[in-house]
Amino acid sequence: RLLAALRRRCDIAGKRLSGPGLAAEGRVLRAVLYVYHSRLLRHRPYLALQQVEQCLKRLQKMNLVSCLETLVKLIPKKNTSEAHAECLVPSQPMLETVALKVLGGCKLILRLLDCCCKAFLLSVKHLCSKEFILLNTVASGLLSRLWFVIQYRCVLQTLMSLYSTLSTMLHLVSETQKTPYIKGFTFPSDIGDFLGVNISSEAKKQKAKMLTTKKSTSWMKKLFPAVPETVSKAGKKRKSETCTSAMKNRSISCAEDIGETVV
């Protein structure tokens, strides 16, 4: 039962770490940093975005997904029905290596969430000051999506559940045949004590901070003030007339400006 649970948790963790959402947000983040590299080297939100990118790079360089796939291959697929039957299990060095990587991955994801929250707050702050409006608008949306992808897919919680199963398995294997591989480090029995924070309360705190900042600043109203009703109705009427004439005249040139002047 423990081997089956370990296999299942490894599969779930691997799928959530290699999901399309996390990879897509990472590609967008790298593209944004590449575009603004020569112009915003000392801009605070840009530097905060670089810290987020570093966390994503380190998470990728860990090869945690491939390590979990290797562990799954070592677990027998079928459970033996006999009570005293022998079965092959992963060795203690292999379990210690995976457990250490899972601990590092949890620490790194926790740091990534913290960097996302700080970079988001900086982007909104500079957006309210009307500095680099395009960059900060894109950055705030990107960071909130990245934070949401990690929280919604429960990446951190999945790794914590995986570590608890790994810890039990490691304890049983070391009792059967003690062959320690990693020396000078004691694997914690409770990963919550190792991380030093309550994950659920920390996530709620970060979410409340982000939502409160967005609500209190109301930066959209500052950047795009409300248009008077008479002007708005006149603009809508002109826009509809322009669209109708454009649809009738199919040979209109693309270079012509058929819109309204933006002040």
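Let's start with a pair of charged residues: the side chains of arginine 145 and glutamate 25 meet in a salt bridge, with 3.1 Å from N to O. Arginine 145 belongs to helix H6 (residues 133-152) and glutamate 25 to helix H2, so this pair ties together parts that are 120 residues apart in sequence. The two partners sit in rather unlike surroundings. Arginine 145 is partly exposed, at 41% relative accessibility, whereas glutamate 25 is buried, at 9%. Keep in mind that this is a predicted model.

## The salt bridges

How many salt bridges does the count come to? It comes to four. As background, side chains of opposite charge can pair when their charged atoms come close. Here are three of these pairs.

| Salt bridge | N to O distance | Where the residues lie |
|---|---|---|
| Arginine 145 and glutamate 25 | 3.1 Å | Helix H6 and helix H2 |
| Lysine 57 and glutamate 53 | 3.8 Å | Helix H3 |
| Arginine 111 and aspartate 114 | 3.8 Å | Helix H5 |

Take the pair in H3. Lysine 57 and glutamate 53 are four residues apart in that helix, so about one helical turn separates them. Lysine 57 is partly exposed, with a relative accessible area of 36%. Glutamate 53, on the other hand, is buried, at 12%.

Now for the pair in H5, a helix that covers residues 92-128. Arginine 111 and aspartate 114 are three residues apart there, about one turn of the helix. Arginine 111 counts as partly exposed, at 38% relative accessibility, and aspartate 114 is partly exposed too, with a relative accessible area of 22%. Salt bridges with shared partners join Arg111, Asp114 and Lys118 into one network.

Leaving aside neighbours within four places in sequence, arginine 7 is in contact with Val72, Ile75, Pro76 and Lys77.

Is leucine 17 buried or exposed? Its relative accessible area is 12%, so leucine 17 counts as buried. Setting aside neighbours within four places in sequence, the residues in contact with leucine 17 are Leu22, Leu64, Val65, Ile109, Val155 and Leu159. Take leucine 64 from that list: it is 47 residues away from leucine 17 in sequence, but the two C-alpha atoms are 8.5 Å apart in space.

## How the helices pack

Two packed helices are described by the angle between their axes and the distance between the axes. Let's look at two such pairs.

Helix H2 (residues 20-35) and helix H3 (residues 44-61) have axes that come within 10 Å and cross at roughly 140°. That angle makes H2 oblique to H3. The crossing of H2 past H3 is left-handed. On the H2 side, the contact is made by Leu22, Gly26, Leu29, Arg30 and Leu33. On the H3 side, the residues are Tyr46, Leu49, Gln50, Val52, Glu53, Leu56 and Leu59. Glu53 in this list is the glutamate that pairs with lysine 57.

The second pair is H5 and helix H7 (residues 155-176), which pack at an angle of about 155° with their axes 9 Å apart. That makes H5 roughly antiparallel to H7. This crossing is left-handed as well. From H5, the residues that meet H7 include Leu95, Val98, Ala99, Val102, Leu103, Gly105, Cys106 and Ile109. Among their counterparts in H7 are Val155, Leu156, Leu159, Met160, Leu162, Tyr163, Leu166 and Met169. Ile109, Val155 and Leu159 are also among the contacts of leucine 17.

Finally, where is asparagine 63 found? It is in the loop between H3 and helix H4 (64-74). Most residues other than glycine have a negative phi. Asparagine 63 has a positive phi of about 55°, although it is not a glycine. At 45% relative accessibility, asparagine 63 counts as partly exposed.

Terms used
Residues numbered from 1 in each chain as written. Predicted model: local features only at pLDDT ≥ 70, side-chain atom pairs only at ≥ 80, totals over all residues. Heavy atoms only, no water. Contact = heavy atoms within 4.5 Å. Buried < 20%, exposed > 50% of the residue type's maximum accessible area, 1.4 Å probe, protein only. Axes fitted to C-alpha atoms, helices over the stretch in contact; angles between N-to-C directions. Helix = DSSP H or I, 4+ residues; strand = E, 2+ residues; numbered from the N terminus. Parallel < 35°, antiparallel > 145°, perpendicular 65-115°, else oblique. Left-handed = near helix turned anticlockwise from the far one by under 90°.
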